[in-house]
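Open the viewer and keep the selection panel at hand. The stops below say what to select next and what is there.

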Amino acid sequence: MNSDRGHWYLITALVLGVSLGLLISWVIAPVRLEDTHPKNLREDYKDVYRSLIARAYQANQNLPRAKARLDLLGDENAAQALAAQAQRSLAEQGDQETARILVNLSAALQRTPAPEETSPSPTPPPEEAAEQGTPPTSTENGNNGGTPEGTDTYATRTPLPPPTFTPTDAPPFIVEERTKLCDPNITVPLIQVFATNADGEGVPGVEILISWAPDRQERFLTGLKPEIGKGYADFEAEMGVTYTIEIPESGLVISDVVITECQPDSGDPYPGSYQIYITYPN
Amino acid sequence: MAQYVSTHFKSRAMMTRWTLFFIVLMISLGIGLYYGWVINPVQYEDTSLQTLRMDFKTDYALMVAEVYKENQDITWAMNRLALLGYASPTECLTEALSFASQAGYTLPDMYLLRDLKNALEESM
């Protein structure tokens, strides 16, 4: 090394060392693929995890615990993620029951107001809770089973909330109203179903069977578009086709549903829609 | 003589430069490793349930136990636990129970895990 070259050799060593270090730590010997977080799961595994959370919620009705678990998946909007998964499940001819369970949890999340932020950081998982000297769970009905009180940092078991409403436990639906709709803002012909209970609240998870030929039918559920309403469902229809809507759990059949064009006073005609309101009898 | 002294000092200067070069190289290598392993490690995406951290695996097993308590469907529970990649579902629950006990899980949750483990052992 020529002394006339100044201190460039030190910079060379620095660049070489850092590059070598990054090569080793990122490529040759990266952090091992273990101890991963649920938020890094592949999408299909996230679906498995999410449906398990929904099933566990269905079993224990512990919403705070379900929320804490859903937070781990890092979904921007857990309720919408659940509804979207239910929609995918139905589209792929998946398990109706799973779709219904997902929708129920989605609706339960929307029923409750957002919890107050107690900590800026996400709820610690059990391991961190344990490190903090706090057990990860309390127990059912406030009995903490011998562990210290006030430690519900994760997956809490608060006194059980009222059970989630499931349509199968309810009286049969009746048609409250069916009407043709002309709304220029709706650009595609839609059959919209609104399911409400006696109090006028939307009922999620109501299975709807729509058929338009002996071998052409589709199933969908209310609550898959929580941004519109918990008891809302829609189906993109074709104009001029006669549809039959069925609510299997109630034995309710709504026939002769036909969408026609709407003719405004001025301008071009546009596709109409059809609205069906179903509710529990008082 | 003058030439000898000059060569000697040049040689020593050269040695010092090499030494410095390697010292800086080692320090910067350490910095690179620390950055790559600790500060900004490789982030894995699209991982499977098998690579979950033990606390998450335990919570997963607990969810299965919570559902099993309601549906009593041992085949469903076995299929769900199989996704965690253990040799057997009972091994999975043994590990989960061990972790749960260390992490201070409450008794009802421990009972759920234990009941599922017992049910699995009976079904085999």
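**Stop 1: two packed helices.** The model is predicted. Select residues 78-91 of chain A, which form helix 4, and residues 96-111, which form helix 5. Their axes lie 8 Å apart, at an angle of about 160 degrees. An angle over 145 degrees counts as roughly antiparallel, so helix 4 and helix 5 of chain A are roughly antiparallel to each other. Helix 4 of chain A passes helix 5 of chain A in a left-handed crossing.

Now show the side chains where these helices meet. On helix 4 of chain A, pick Ala78(A), Ala79(A), Leu82(A), Ala83(A), Gln85(A), Ala86(A), Ser89(A) and Leu90(A). On helix 5 of chain A, pick Thr98(A), Ala99(A), Leu102(A), Val103(A), Leu105(A), Ser106(A), Leu109(A) and Gln110(A). What classes of residue make this contact of helix 4 with helix 5 of chain A? Eleven are nonpolar, five are polar and none is charged.

Stop 2

Zoom in on strand 3 of chain A, residues 207-213. Six bridges join strand 3 to strand 4 of chain A, and the two run antiparallel. For one bridge pair, select Leu209(A) and its partner in strand 4, Arg219(A).

**Stop 3: chain A as a whole.** Zoom out and colour by secondary structure. Chain A has six helices and ten strands. Of its 282 residues, 37% are buried. Among contacts in chain A with a separation of 6 or more, 64% are between residues 24 or more positions apart.

**Stop 4: where chain B touches chain A.** Show both chains. Here 49 residues of chain B are in contact with 51 residues of chain A. On the chain B side, select helix 1 (2-39), helix 2 (54-71) and helix 5 (107-123), the elements that each give two or more residues. Which element of chain B gives the largest share of this side? Helix 1 of chain B does, with 18 residues. By class, the side of chain B that touches chain A has 28 nonpolar, ten polar and eleven charged residues.

Methods. Residues are numbered from 1 along each chain as its sequence is written. Chains are lettered from A and ligands numbered from 1 in the order in which they are written. This is a predicted model: local features need pLDDT of at least 70, side-chain atom pairs count only at pLDDT 80 or more; totals for chains, interfaces and linings use all residues. Axes are lines fitted to C-alpha atoms, for helices over the stretch in contact, and angles run from 0 to 180 degrees between N-to-C directions. Helices (H or I, at least four residues) and strands (E, at least two) are DSSP runs, numbered from the N terminus. Angles under 35 degrees count as roughly parallel, over 145 as roughly antiparallel, 65 to 115 as roughly perpendicular and the rest as oblique. A crossing is left-handed if the near helix is turned anticlockwise from the far one by less than a right angle, and right-handed if clockwise. Two residues are in contact if their C-beta atoms, placed from the backbone, lie within 7 Å. Ala, Val, Leu, Ile, Met, Phe, Trp, Tyr, Cys and Pro count as nonpolar, Asp, Glu, Lys and Arg as charged, and the others, Gly among them, as polar. Two strands pair if DSSP finds at least two bridges between them. A residue is buried if 20 or more other C-beta atoms lie within 10 Å of its own, exposed if 12 or fewer, and partly exposed in between; C-beta atoms are placed from the backbone.
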